[in-house]
Amino acid sequence: MLQIIKIEWLKVKTYRTFWILLGLAVIIIPASNLLVQDITGRIPKQVQTLLGNSAYDFPLVWQSVANVNSYTSAIFALLLLTLVTNEFTFKTHRQNVIDGWERKDFVFSKLFWVLALSVIAFVVSVLTALFFGFFYGTSAFNMDGFYYLGYYFLQVVLSLCLALLTGILVKRAGLAIVLYLGYVMIFEQLLVVTLKRFWGSVGGLLPLQTADELLPFPLIGKMLPGVQQYDNMVYLIALLGYIAVALWLIFRRLLKADI
Amino acid sequence: MPILSLHNISKKYGPVQALSEVSFDVPPGSVFGILGPNGSGKTTLLSIVTDVLSADEGTFTLFDQHPSAKQRRNIGTLLETPNFYHYLSAYRNLQVVAGIKQRSEKDIPRVLELAGLTARQHSAFKTFSLGMKQRLAIASALLGDPDVLILDEPSNGLDPVGISEVRTLVKQLAQAGKTIIMASHLLDEVEKVCTHVAILRKGKLLLSGPVNAVITRDDFLEVGSADNKALKAVIEKHPAFVQLSATPEGLLQVIFKEPVDPAGLNNWCSQQGIWLSHLQVRRKSLETAFLELTNN
């Protein structure tokens, strides 16, 4: 595996697009939280008192940062889609196998990016939450609710697994990006709304919606008269199930099909 | 122990039978040409050997073992087009290949020099001409000095000097004892370097084995004189005469049933009062023999 990571590093070390997209994905985490903090900071004092803690006070800051970041994880997915579809465009996925990789080594090389980008997103989120909690919060440090960042980590893993699957199936960069964003931003949301309207909570079990259900924005989430929800464990199991299915499809496709 | 041994390999693309029960062995140290017109299945066959495609039926062994990535790391392969990361330099692309092949990066300058790319080693692959891309692919195949090379149309995109250089390189590698499996439709290329051939047509193996055993190419004599009419009449009387045809250049091509010594023929003609102005022993070109084979 170390050999595979070394080779992946050689592929991106001098690849400018990779570093620009990675920089963007990382910077947008504190930047979007800064925006949200600014907005929530303008809530009148009286309302704040009613709500109790502010969104960026410990321990709510973990949940707030996790929720805000879940909207920007598509940028990490775009980065992964670029890396994966590059291989198909340049036909280097073939060359890697011809030169002596097992097909599963190629899958592992891309799963490495799923994990690496997820870990980067998680670590930056933890640092962001700590910064906002200490800098903008008024409560003492508290780890309650840290598990929301764990949910966020799983949301990024699932987003990236779906991006990897899209890249492997579609192969062409432009089309893969359009299809992925179209599904994430519009199509799944439409399905969720429709399902929730006619069949209730089952709409919350669509792939990326499972993570959304696990990551409501603190304070406001509680006030919305939403559809009755399943227990968090149901969403968590569904989310892990989707990751497992995506991985199975990725391996199946790349191990069996002609490349 | 054959380097590569194919047993009844078949492959279909939808309704198209790309390969049909192809079997042959590649002996060690041979320069093995896989010949066939466009679409005959050459690249499909090599793609199966390199695990890019899966055979529908049949098996093959590499180095007498079940094929795996480990064996592929010991083979230098150029398949179809040069496949490299466009944004990386030639050197960095070869670093990736060296990493996958688990070979030392110290060999990179040698293969870049062999391919004539030392001066451009730090330029991005996307800035290369077609010929330079092909040269980089050849350099990549030679990385780590493998004992076996698979070269699919190695002269593609090269200028005449490049083609000649590749041919010389293949000869040198063969002399050094390497086994080279080469697919080509350029028969001139194969004729000059191959010791063995397999001939494919529409996915079927027509013949395989040592070049001279597979493709019989009888010698013939090309003759000419001031009076070709008289020469024709004389030649037809020769005891070993079989067949005669005229060339557009005004010469006569004569096939005899047994080898005829040119000096003896010259002497025999002069005794009949005919003085030859042209006398040359020729061999049927591989191209002619190949066309005869694949058209049947």
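Me: How many residues of domain 1 of chain B are in contact with domain 2 of chain B?

Reply: This is a predicted model, in which local features need pLDDT of at least 70 and side-chain atom pairs count only at pLDDT 80 or more, while totals for chains, interfaces and linings use all residues. Residues are numbered from 1 along each chain as its sequence is written, and chains are lettered from A and ligands numbered from 1 in the order in which they are written. An automatic or database assignment divides chain B into domain 1 (4-211) and domain 2 (219-295). Where contact means that two C-beta atoms, placed from the backbone, lie within 7 Å, domain 2 of chain B contributes five residues and domain 1 of chain B contributes eight.

Me: Which element gives the largest share of the side of domain 1 of chain B that touches domain 2 of chain B?

Reply: Helices (H or I, at least four residues) and strands (E, at least two) are DSSP runs numbered from the N terminus. On this side of domain 1 of chain B, α7 (187-193) and β8 (196-201) each supply at least two residues. The largest share, three residues, comes from α7(B).

Me: How far apart do the C-alpha centres of the two domains of chain B lie?

Reply: The domains in question are domain 1 (4-211) and domain 2 (219-295). The distance between their C-alpha centres is 40 Å.

Me: Are the two faces of β3(B) buried or exposed?

Reply: A residue is buried if 20 or more other C-beta atoms lie within 10 Å of its own, exposed if 12 or fewer, and partly exposed in between, with C-beta atoms placed from the backbone. Strand β3 (residues 31-35) of chain B has five of its five residues in the buried class. Val31(B), Gly33(B) and Leu35(B) on one side, and Phe32(B) and Ile34(B) on the other, are all buried.

Me: Which residue of β7(B) stands opposite Val31(B)?

Reply: Strands pair if DSSP finds at least two bridges between them. β3(B) runs parallel to β8(B), with four bridges, and parallel to β7 (residues 179-184) of chain B, with five bridges. In β8(B), the residue opposite Ile34(B) is Ala198(B); in β7(B), the residue opposite Val31(B) is Ile180(B).

Me: Which element of chain B gives the most to the side that touches chain A?

Reply: The contact between the chains takes 21 residues from chain A and 24 from chain B. On the chain B side, α2 (69-72) and α3 (90-101) each supply at least two residues. With seven residues, the element that gives the most is α3(B).

Me: What is the radius of gyration of chain A?

Reply: Chain A contains 12 helices and zero strands. Taken over C-alpha atoms, the radius of gyration is compared with the globule rule, 2.2 Å times the number of residues to the power 0.38. For 259 residues that rule gives 18 Å, and chain A is close to it, so it is as compact as a globular protein of that length, with a radius of gyration of 20 Å.
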